[in-house]
Amino acid sequence: MNTVISAMALDYPPEKLNVYLSDDGGSSVTLHAMREAFKFSRLWIPFCTRYRIKSRCPKAFFSSSDDDDSDFVRSSVYMEDKKQIQEKYDAFKEKIESSRENMAISRDDPTINVKDHPPSIEVMQDNIIDDADNGKMPRLVYVSREKRPSHPHHFKAGALNVLLRVSAVMSNSPYILVLDCDMFCNDPSSARYAMCFHLDPKISSSLAFVQFPQKFYNVSKNDIYDSQLRSLFTLQWRGMNGLKGPVLSGTGFYIKRVSLCGNLAIKGTDLTQLEEYFGSSNEFIKSLMQNYTSDSVSGGNALLEETHFLASCKYEISTKWGQEVGFLYDSVVEDYLTGFILHCNGWTSVFCEPSRPQFLGSATTNLNDVLIQGTRWYSGLFENGINKYCPLIYGPSTMPILQRLCYAELTYFPLYCLPLCCFATIPQLCLLNGIPLYPKVGDPFFIIFVFIFVSALLNHLEEVLITGGTRHKWLNEQRIWMMKSTTCYLYGCVDALLKKVGIREANFLPTNKVADDEQTQLYQMDKYDFRASSIFIAPMLAVITINICCFLGGVYRAVFAGDWDKMFVQIFIAGFIITVNYPIIEGLFKDKGRISQSLAIRVIISTMILLGCSKLVSYVS
Ligand SMILES: O=c1ccn([C@@H]2O[C@H](COP(=O)(O)OP(=O)(O)O[C@H]3O[C@H](CO)[C@@H](O)[C@H](O)[C@H]3O)[C@@H](O)[C@H]2O)c(=O)[nH]1
Ligand SMILES: [Mn+2]
């Protein structure tokens, strides 16, 4: 509801602002809460405009400990108003919470089935035509699309496409802001920033979307899991802005509605072909024409019926929705793919990052969520690298090669798991068995090796520092990079390959939205929480066990064999990996967020047995 309220309070003419909420859960609790949110906004929006409040998400506004950002802090009238509105906000919260509890107890609501429910749409608007401009409210629309187990719903992209259609016949605004449910508007000016680009005659004809960076309100100072995705939002998107523009990032972007209509020239195309593309709603097809105004006020009921039709499961059957029209379905990273195809079709995008973050979201703050989310992303990205959308070959030859390489960097990024997994195991096994792999100390190649190694580390350090990070953040990124390599990069690649050969189906496991207090606390104190699924913990533990055993075994061997110089690099690498991954060792012993003991014993013992076997094999041979 805070997301909804903050969007309704955007600084934009209210008669041009329409907020649509997609509820895939089809929950009456959400619908009820929205009615309350609409009522509360009647008080909240005038309060924000009167006092020029910047932070228009009520939750953030009332919980912010820092100074009030209003220009009126010293005015007693303001303080009085603020107190009153806070009381209203608390009452609003109370109402939602008690209704949630009541509904949980009664459970008499048949629509609660998440996977099987009819469409439900409700419009909330003030019909009183007030001549004083400040009284006007944006329209708020609740949309829960139809869901049936027999029909694929295409996850978020499917939900967005329903919103595209429903909004087309209701308000048909030419520009659309997409916001995830775990984000809010942190500043009311984003629409105006975006319109500066969209209305700029020099770029507007080819401009598809204005992307704001994803920023998060719950990232800790040293961000142990790199939840903020620093490299993407501070470096890569800025770089791509110098080419055709940044990647579409799922949330916090203003997109031009017509850019989502595919490559079809609407003018002059006959009706049957339009229906093949967009489905059989005449009202929707009319909305594609210029100068369309919906009769939402006059034709109330007929229009609502039309929106139910547009939000039904069957609507998209034998149309181009998700293939050429709207947000695309061929990938679980629908945002990435949709943006990529837009760029291929000649559209451009712009990265807009005003100093005050315009949107703030909730970042994943525990290892399990980070790795689950990562597995979904990297599977989705890598999949796009190995199917027909491979960025190196797909699309027109006019696509600049650098733009292609940027996209390729993203899709093949999870492949880093291979060199890293090898780097963390093979030299160590050889070390244990006395097989030198690297040049010995003093060799010219040794100098080159040291140079490459050190400059790679320093490059990364410099990158972190110039993008506002700390040395600590740098070390944490090295850590999480290694942890991700042996887990979610690896699983992502494997998952994509399995999908390719048809063993697995596409899946979108939504990111956990419920913050666990203890987990959040650990993250805020920069302490790792290893209470994660064993499929993530086991490979990390195995790698660290291999490195410790081989390090000790290698040192012991080198002492006796006296070949320090030959084995030095391998000993050093094992030592380096142990140092960087030290928190995992700590995770075996600490009080909170400890690695499950039974799992640890099983993994460590079986790894040691395998190491023993490898040693035996090398003896025998
Ligand atoms: O079946 C679904 C699944 C998701 N969502 C919505 O999609 C949004 C993003 O889902 P979330 O669980 O928050 O996933 P994240 O991994 O946090 O999302 C990131 O990654 C996604 C791509 O995988 C992008 O679409 C998002 O914008 C980006 O924030 C949320 O508003 C969800 O409500 C649906 O509406 N229906
Ligand atoms: Mn999210």
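This is a predicted model: local features need pLDDT of at least 70, side-chain atom pairs count only at pLDDT 80 or more; totals for chains, interfaces and linings use all residues.

Biologist: Great. Which residues are closest to ligand 1?
Modeller: K156, D180, G250, P510 and T511 are the closest, out of 19 residues that surround ligand 1.

Biologist: And which elements give two or more residues to that shell?
Modeller: Those are α5 (155–170) and α12 (367–386).

Biologist: How do the shell residues divide into nonpolar, polar and charged?
Modeller: Eight are nonpolar, five are polar and six are charged.

Biologist: Switching to the sheet: what is the strand order?
Modeller: The order is β1-β3-β2, in an open sheet of three strands with mixed pairing. β1 (18–22) and β2 (120–124) are the edge strands, each pairing on one side only. On average, neighbouring strands are turned by 15° against each other, ignoring direction.

Biologist: Is β1 parallel or antiparallel to β3?
Modeller: Parallel, with five bridges between β1 and β3 (residues 139–144). As an example, L21 has Y142 of β3 as its bridge partner.

Biologist: Which strands does α5 touch?
Modeller: α5 packs on the sheet and touches β1, β2 and β3, with its direction at about 145° to that of β1.

Biologist: Last topic: where does UniProt place "transmembrane region"?
Modeller: The unreviewed UniProt entry puts that feature at residues 444–461, 535–556, 568–589 and 601–620.

Biologist: How much helix is there in residues 444–461?
Modeller: That span is 100% helix and 0% strand, and its end C-alpha atoms are 26 Å apart. Residues 568–589 are 82% helix and 0% strand, with end C-alpha atoms 30 Å apart.

Conventions:
Residues are numbered from 1 along each chain as its sequence is written. Chains are lettered from A and ligands numbered from 1 in the order in which they are written. UniProt positions are given in the numbering used here, feature names are shortened, and annotations may be inferred rather than shown by experiment. Helices (H or I, at least four residues) and strands (E, at least two) are DSSP runs, numbered from the N terminus. A residue is near a molecule or strand if its C-beta atom, placed from the backbone, lies within 6 Å of it. Ala, Val, Leu, Ile, Met, Phe, Trp, Tyr, Cys and Pro count as nonpolar, Asp, Glu, Lys and Arg as charged, and the others, Gly among them, as polar. Two strands pair if DSSP finds at least two bridges between them. Axes are lines fitted to C-alpha atoms, for helices over the stretch in contact, and angles run from 0 to 180 degrees between N-to-C directions. Two residues are in contact if their C-beta atoms, placed from the backbone, lie within 7 Å.
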